[in-house]
Amino acid sequence: MNILITGGSGTFSNNLLIKLRKEGHRVSVLSGSRFSKKEDYQKHFELYKFPYDANCINEVFESAAPDVTIFMGAFDTNFKWKNEESDAVRYSGALANILMGYAMLGKGRFIYLSSNEVFGDNYSSDISEDTMTTPNGFKAQAIAQGEAMCEGYRKHRDMDIVTVRLDHVYNMPQVREDINDTLTSMCLEALEEKTIHFVKDKEVSLLYENDAVEALYKIVSASKHDELIYHISSGNALTEEEVANMVRDAMNPECDVISTPGVKAQSVILDGSRFDNEFEFARYVDLALMIKRICAHMKRKGYVFMTEEEEGLPFSQRLKKRLGWFLKAIVPFIENIVVFILCVFLASQSAQSDYLAKLDIFLLYVLLFSVLSGQQQAAFSALLSVLGYFYLNGGLRNGYDLLLDSNTYVWIAQIFIVGLAVGYLRDQIVTIKKENIEENEYLKQQVDDISVINETNVRVKNILETQVVNQADSIGMIYGITASLDQYSPEEVLFYAAETVGKVVKSDDIAIYQVANRDYARLFSSTSVRARSLGNSIKYSDMEEFYEDISSNRVYINRGMDSKYPQMAYGILENGELQMIVMVWGLSWENMTLGQANRLTVVSALIQNAVLRANRYLEALEAQRYEGDSKMLERESFKSLVSAFLKAETKGLTECSVVRIDLEGKDRREVVAVVEKSLRQSDYLGSLDDNAVYALLSNTSERDAQFVLNRFIEKGLDARLIEGGISWN
């Protein structure tokens with residue numbers, strides 16, 4: 001499937017990437033930021049480095065064409081929630097834009113990740129999916145509002161949108177930013193302060209990230225789902241005090257565990273039974289063991305998680321960091337005052353000159369700052385000019401006369417009108433220029449976005465072409481491998497089918513069993529000793545989950561790595577009846593993926609076609625192959641069959657033994673009737689000369705053949721095992 005993950009990089013999103021890629025899906029990532037780096041994410045198919053508010057989100061969805069879209073939501077690292085009001089607005093806008101892109105695409109499933117934070121009250125029992133949310137704080141309200149937005153799209157557009165609430169998720173932190181949950185916060189507190197605080201009587205249910213990822217994959221891979229909202233919880237409720245004590249024991253037994261006074265306990269435990277019952281989900285991670293591992297990891301890399309002190313920086317850098325904004329704002333005013341002092345000096349000197357007495361220095365000064373800095377500095381320079389005017393003229397004239405002189409107010413009005421008017425025009429011109437620049441940048445960014453998406457589409461096209469034409473596990477290559485079975489005789493097809501399966505799934509340990517009846521199957525061919533480890537005969541009906549999968553036309557995958565079973569197996573059905581079982585051993589855990597299972601299904605179907613053609617050929621010649629009404633093969637047919645078995649035995653694909661029963665004057669039909677009753681369904685009876693009857697014992701070593709030989713002798717037959725090959729007459 002094509003899967004699109006929308007969210008910043010982090011341990012959760014990266015673990016999800018690893019799981020989806022391991023299962024053979026093609027995973028693309030929408031980072032939500034232009035500054036994301038490819039190295040921040042685990043290996044993926046394509047990275048779209050666009051913010052959520054970009055206008056090209058629709059094109060991203062068209063390019064990725066996701067069958068499943070996962071919005072990281074409450075676990076998106078693009079939102080730090082330090083300024084909750086601002087982040088809440090950005091969060092809602094981001095989700096709205098992503099939902100719109102998903103709606104325009106018009107296909108696939110959308111998974112919205114919520115959390116236990118949408119419940120802010122104290123609950124005495126586990127919370128079901130039908131409980132009304134009670135968010136406290138901007139972050140919780142934004143997450144709950146996201147659920148409501150998803151519900152609206154689901155109802156009005158009839159779309160497949162699933163809301164998943166995860167209960168108290170914790171992780172193995174790599175950097176300080178990863179510490180955002182109850183458990184790792186306690187670990188950091190114990191590391192830094194040697195104390196651990198807890199809220200008395202508050203209960204939590206801690207869910208490890210890997211378990212959350214496994215649970216999410218159940219929803220991603222499900223062909224259908226019964227509900228619209230699911231709770232995923234560990235199902236193991238503990239008080240914060242119990243968790244704190246476990247952290248203390250693992251981190252530092254000398255730490256003090258202290259109850260936080262004045263904090264009311266609000267216990268929130270999600271009821272995950274709905275999800276567990278529908279998807280049969282089992283958790284793998286033990287909390288006590290993970291606490292020990294997390295504490296050991298954080299102690300080992302304490303320097304990564306401890307707070308960095310700023311005192312190590314030079315004084316100038318600390319001052320710049322803390323007062324930088326103030327200095328940036330005050331510098332224009334300082335410049336203005338310096339120029340004003342110079343203007344006062346020039347004005348005092350020009351007043352003594354007959355040529356410069358009429359020159360208004362203050363007007364030029366105000367005009368200069370109006371043009372250079374706008375209205376704000378124009379008003380400030382006009383105010384300083386008025387002070388300078390009174391300073392210079394106060395010494396020449398009586399202050400009272402100066403205040404009563406109408407020319408004084410005309411001059412002041414002139415200074416402010418010129419300064420504010422020119423400053424306003426300057427600000428307007430600057431604003432228009434900025435708008436033009438922003439519009440140009442916006443249009444240029446759109447062109448760049450379209451170019452990036454186009455480059456992505458071209459790259460995807462080239463990759464898919466390479467997969468179709470050259471990839472070793474493409475359908476064309478698989479068909480080419482299985483087509484090689486056509487070169488073998490009908491008797492040899494099933495032997496070399498095991499080799500063919502091994503080439504496709506890249507395993508040296510393949511076994512093919514033929515079903516004898518509804519309970520038992522008999523080994524027909526195998527490629528190694530390990531592949532024969534179940535024995536020559538198996539009662540597959542007693543193999544529970546194995547039998548359930550192969551009889552239901554599903555690939556069995558040994559997820560529990562049980563050594564008694566193969567890593568993968570597939571049952572070949574005909575008219576609803578199980579005919580053959582293909583078993584694959586020797587696969588590594590990394591190769592036990594959905595893609596590998598699909599390849600096994602395809603190659604098994606092609607092998608079935610080859611075997612079916614061979615069987616039809618043999619059925620068409622049945623009248624010529626058997627002697628009369630008996631099950632005894634005529635000479636040429638039996639000779640061809642024995643040759644096929646012996647040739648396969650030399651290649652290690654099977655074992656066989658040939659028994660000769662001499663007639664010694666006995667009636668041939670009577671001997672054949674006795675021998676037929678003593679043979680298994682998978683054995684063959686035939687003729688190579690006129691003096692004896694021969695039995696071919698399939699998948700039987702010389703030691704095992706002694707049991708059959710003794711059975712013949714007990715019935716009065718002169719039987720012996722042929723060793724060292726057969727001489728054809």
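Here is a chat about a predicted model of a protein, taken one question at a time.

Colleague: I'm new to this one, so how many helices and strands does the protein have?
Modeller: Keep in mind that we're looking at a predicted model. The chain runs to 729 residues, and buried residues make up 45% of them. As for the elements, the protein has 23 helices and 24 strands.

Colleague: Of the contacts with a separation of 6 or more, what percentage comes from residues 24 or more positions apart?
Modeller: A contact here is a pair with heavy atoms within 4.5 Å. Among those with a separation of 6 or more, the share from residues 24 or more positions apart is 69%.

Colleague: Which element gives the largest share of the lining of the largest pocket?
Modeller: That pocket has a volume of about 2000 Å³. It is lined by 49 residues, and K19, E214, Y217, K218 and R559 are the closest to its centre. Elements that give two or more residues to the lining include helix 1 (11-22), helix 8 (273-279) and helix 19 (594-620). The largest share, 8 residues, comes from helix 6.

Colleague: How many residues apart are E129 and R274?
Modeller: Their side chains meet in a salt bridge at 3.7 Å, N to O. E129 sits in the loop between strand 5 (109-115) and helix 4 (138-157), while R274 is in helix 8. The pair links distant parts of the chain, and the separation is 145 residues.

Colleague: Is R274 buried or partly exposed?
Modeller: Buried means under 20% relative accessible area. E129 has 7%, so E129 is buried. R274 has 22%, so R274 counts as partly exposed.

Colleague: What is the N to O distance between D427 and R426?
Modeller: D427 is partly exposed, with a relative accessible area of 24%. R426 counts as partly exposed too, at 26%. Their side chains meet in a salt bridge, with an N to O distance of 3.5 Å.

Colleague: Why can V371 count towards a nonpolar surface patch, and what is the area of that patch?
Modeller: Patch residues need over 30% relative accessible area, and V371, in helix 12 (residues 361-373), has 47%, so V371 clears that cut-off.

Colleague: Last one: where is S28 found?
Modeller: With a relative accessible area of 5%, S28 is buried. Leaving aside neighbours within four places in sequence, S28 is in contact with residues including I3, I5, F45 and Y48. The element that holds S28 is strand 2 (residues 26-32).

Notes:
Residues are numbered from 1 along each chain as its sequence is written. This is a predicted model: local features need pLDDT of at least 70, side-chain atom pairs count only at pLDDT 80 or more; totals for chains, interfaces and linings use all residues. Side-chain values use heavy atoms; hydrogens and water are left out. Helices (H or I, at least four residues) and strands (E, at least two) are DSSP runs, numbered from the N terminus. Buried means under 20% relative accessible area, exposed over 50%, partly exposed in between (1.4 Å probe, protein chains only). On a 1 Å grid over the protein atoms alone, a cavity is a set of points where a 1.4 Å probe fits but cannot get out, and a pocket is an open set with protein on both sides within 12 Å along at least five of seven lines; lining residues have an atom within 4 Å of a point. Grid points are joined across faces, edges and corners, and a volume is the space filled by probe spheres set on the points. A salt bridge is a side-chain nitrogen of Lys or Arg within 4 Å of a carboxyl oxygen of Asp or Glu.
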